[in-house]
Amino acid sequence: MPTIDCCAQPGLMPLESAREKLLQVLSPIAGTETLPLVRASGRILAEEIRSGVHLPPCDNSAMDGYALRFEDLASGLPLELIGKSFAGAPFDGVVNPGTCVRIMTGAALPAGADTVVMQENVNARGESIRITCQVCPGDHIRRCGEDVAEGAALLERGECISIAHIALLAAAGVERVTVLRKPVIALFSTGDELRQPGEALGKGDIYDSNRIALLAALAQMNLEVLDLGVLPDNEQAISEALQRAARDADAIITSGGVSVGEADYTREVLEALGEISFWKVAIKPGKPFAFGNLQGTPFFGLPGNPVSALVTFYQLTVPALTVLKGGRWHGPQALTARLLTSLKKKPGRTDFQRGIYRTGDCGELVVEPVGSQGSHILTGLAVANCFIVLARESGGVEAGDRVVIEPLP
Ligand SMILES: Nc1nc2c(c(=O)[nH]1)N[C@H]1C(S)=C(S)[C@@H](COP(=O)(O)OP(=O)(O)OC[C@H]3O[C@@H](n4cnc5c(N)ncnc54)[C@H](O)[C@@H]3O)O[C@H]1N2
Ligand code: MOO
């Protein structure tokens with residue numbers, strides 16, 4: 001019989017409900033900017049973009065070879081070579097019956113020609129050629145507009161611009177794009193024990209890792225950060241920082257001070273100044289996550305334990321920030337894998353254990369939990385490439401069972 005999770009008190013909000021609530025409350029920020037295409041990767045498109053050209057712009061050759069008229073091949077007679085067509089230097093004449101043109105990959109198909117034969121299948125002698133293989137009409141021709149027709153939509157509003165999108169827009173001659181501005185995220189850590197790199201550690205002190213990791217993660221998401229640094233466990237300092245954050249930022253993220261200890265002030269101060277919509281989620285690690293707002297600015301209170309901070313960042317904060325910056329959140333990117341080592345779990349909270357997945361000998365995905373799963377154990381998270389997600393009401397899982405995994409970004 002499974003034992004009870006003593007940390008899963010009644011009233012914890014299921015992860016799915018918490019996420020739904022966040023996504024209901026958040027809406028995209030207003031404001032746009034126009035950027036050179038090359039700087040637009042990861043930004044959210046604020047306009048639909050249509051193509052001003054056909055892609056490819058004209059019929060052209062997919063191979064280095066010879067452009068000819070298919071019907072000429074029936075006779076088996078040699079074809080007279082009358083010119084050359086290069087990408088950038090097309091042949092201006094016409095391929096009349098009995099003639100052909102030397103053509104390079106990407107060169108415009110000359111008028112009159114309807115087929116290209118690659119040069120490996122041709123015997124060229126002086127100014128005439130013979131075809132040495134079976135040919136089909138239209139072989140090796142890339143058709144005008146077969147990728148994109150002039151006027152067709154290239155990208156929709158709200159698309160998160162990828163490198164492939166940049167290639168597509170560049171191919172259509174787009175130089176600048178209008179994107180949503182970057183939301184500003186205010187960020188601070190709390191804790192009297194937190195020190196900066198270069199400072200000596202006194203007894204019980206640690207270096208502030210959460211803020212640094214979150215700064216990097218927010219930059220990777222193309223968000224602007226208002227870095228409010230490390231605050232002491234002091235209500236006045238936290239209150240002032242929260243009010244500045246609400247005034248100057250589009251969202252507030254804090255680390256620490258959301259549990260029930262005597263120096264855990266962040267959630268209490270936020271509640272006194274603004275509103276907490278929910279506190280404590282049925283998730284492990286990360287239970288004390290708090291969400292609310294201060295004068296309409298969304299507030300994400302991440303727990304201080306380093307793994308808990310990053311699990312709640314990925315599971316709850318990233319979906320909300322994706323909506324805030326105008327993007328679409330498509331749900332967790334889940335796969336299934338066969339578990340190689342059994343895992344203990346008590347029902348009550350959705351568990352995000354850290355694991356390493358790979359393709360096993362039989363070609364299916366397998367996953368191995370990393371050693372220690374403590375919420376203060378950063379090495380486990382550092383070597384992991386996925387979360388192993390164990391459902392809220394499930395107990396332990398046996399080796400050989402199939403489990404859900406979510407690859408880490
Ligand atoms: N009686 C209970 N105690 C605790 C509970 C509970 O339900 N009942 N929940 C535990 C859980 S779960 C978590 S997670 C933590 C969260 O606590 P806080 O959010 O209040 O965080 P702190 O107390 O400030 O710190 C916890 C832990 O993390 C270290 N820390 C804090 N900030 C940072 C940082 N920026 N970088 C690196 N490490 C940080 C801090 O030193 C503490 O060790 O509460 C449990 N307690
Ligand atoms: O959930 Mo806490 O996040 O277990 O350490």
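Ligand 1 is surrounded by 27 residues, of which the closest are Asn210, Gly256, Ser259, Pro303 and Gly304; a residue is near a molecule if its C-beta atom, placed from the backbone, lies within 6 Å of it. Two or more residues of this shell come from each of α3 (210-220) and α6 (306-324). Helices (H or I, at least four residues) and strands (E, at least two) are DSSP runs numbered from the N terminus. By class, the shell around ligand 1 contains nine nonpolar, 13 polar and five charged residues. Here Ala, Val, Leu, Ile, Met, Phe, Trp, Tyr, Cys and Pro count as nonpolar, Asp, Glu, Lys and Arg as charged, and the others, Gly among them, as polar. The model is a predicted one, in which local features need pLDDT of at least 70 and side-chain atom pairs count only at pLDDT 80 or more, while totals for chains, interfaces and linings use all residues. Residues are numbered from 1 along each chain as its sequence is written, chains are lettered from A, and ligands are numbered from 1 in the order in which they are written.

Around ligand 2 lie Lys284, Pro285, Gly286, Lys287, Pro303, Asn305, Ser308 and Ser375. This shell is made up of two nonpolar, four polar and two charged residues. Pro285 is also joined to Lys284 by a cis peptide bond, with omega near -5 degrees. Pro285 sits in the loop between β20 (281-284) and β21.

In the UniProt record, an unreviewed entry, the feature "domain: MoaB/Mog" is placed at residues 186-323; UniProt positions are given in the numbering used here, feature names are shortened, and annotations may be inferred rather than shown by experiment. Over residues 186-323 the chain is 37% helix and 30% strand, with the end C-alpha atoms 17 Å apart.

In helix α3, the buried residues are Asn210, Arg211, Leu214 and Leu218. Viewed down the axis of α3, these residues fall within an arc of 85 degrees, so they line one face of the helix. The arc is that of the directions from the helix axis to the C-beta atoms. A residue is buried if 20 or more other C-beta atoms lie within 10 Å of its own, exposed if 12 or fewer, and partly exposed in between, with C-beta atoms placed from the backbone. The face of α3 turned away from the buried side carries the exposed residues Ala216, Ala219 and Gln220. The cover over the buried residues of α3 includes β14, β17, β18 and α6; contact between two residues requires C-beta atoms, placed from the backbone, within 7 Å.

Helix α4 (residues 235-248) has 14 residues and spans 20 Å from its first C-alpha to its last, close to the 20 Å expected at 1.5 Å a residue; the expected span is 1.5 Å times one less than the number of residues. Ile238, Ala241, Leu242, Ala245 and Ala246 of α4 are buried. They cover an arc of only 135 degrees around the axis, which puts them on the same side of α4. Exposed residues Gln236, Arg247 and Asp248 are on the face turned away from the buried side of α4. Among the elements covering the buried residues of α4 are β14 (184-190), β17 (224-231), β18 (251-255) and α5 (266-273).

Several backbone angles were also examined. Most residues other than glycine have a negative phi, and most peptide bonds are trans. Asn222, which follows α3, has a positive phi near 65 degrees. Asn222 lies in the loop between α3 and β17 and is partly exposed, with 19 other C-beta atoms within 10 Å. Lys280 also has a positive phi, near 85 degrees, and is found in the loop between β19 (275-279) and β20. Lys280 counts as buried, with 21 C-beta neighbours inside 10 Å.

Another cis peptide bond runs from Leu55 to Pro56, with omega near -15 degrees. Pro56 is placed in the loop between β3 (49-50) and β4 (60-61) and counts as partly exposed, with 18 C-beta neighbours inside 10 Å. Beyond its neighbours within four places in sequence, Pro56 is in contact with Arg142, Cys144 and Asp147. The C-alpha atoms of Pro56 and Gly145, 89 residues apart along the chain, are separated by 5.2 Å.
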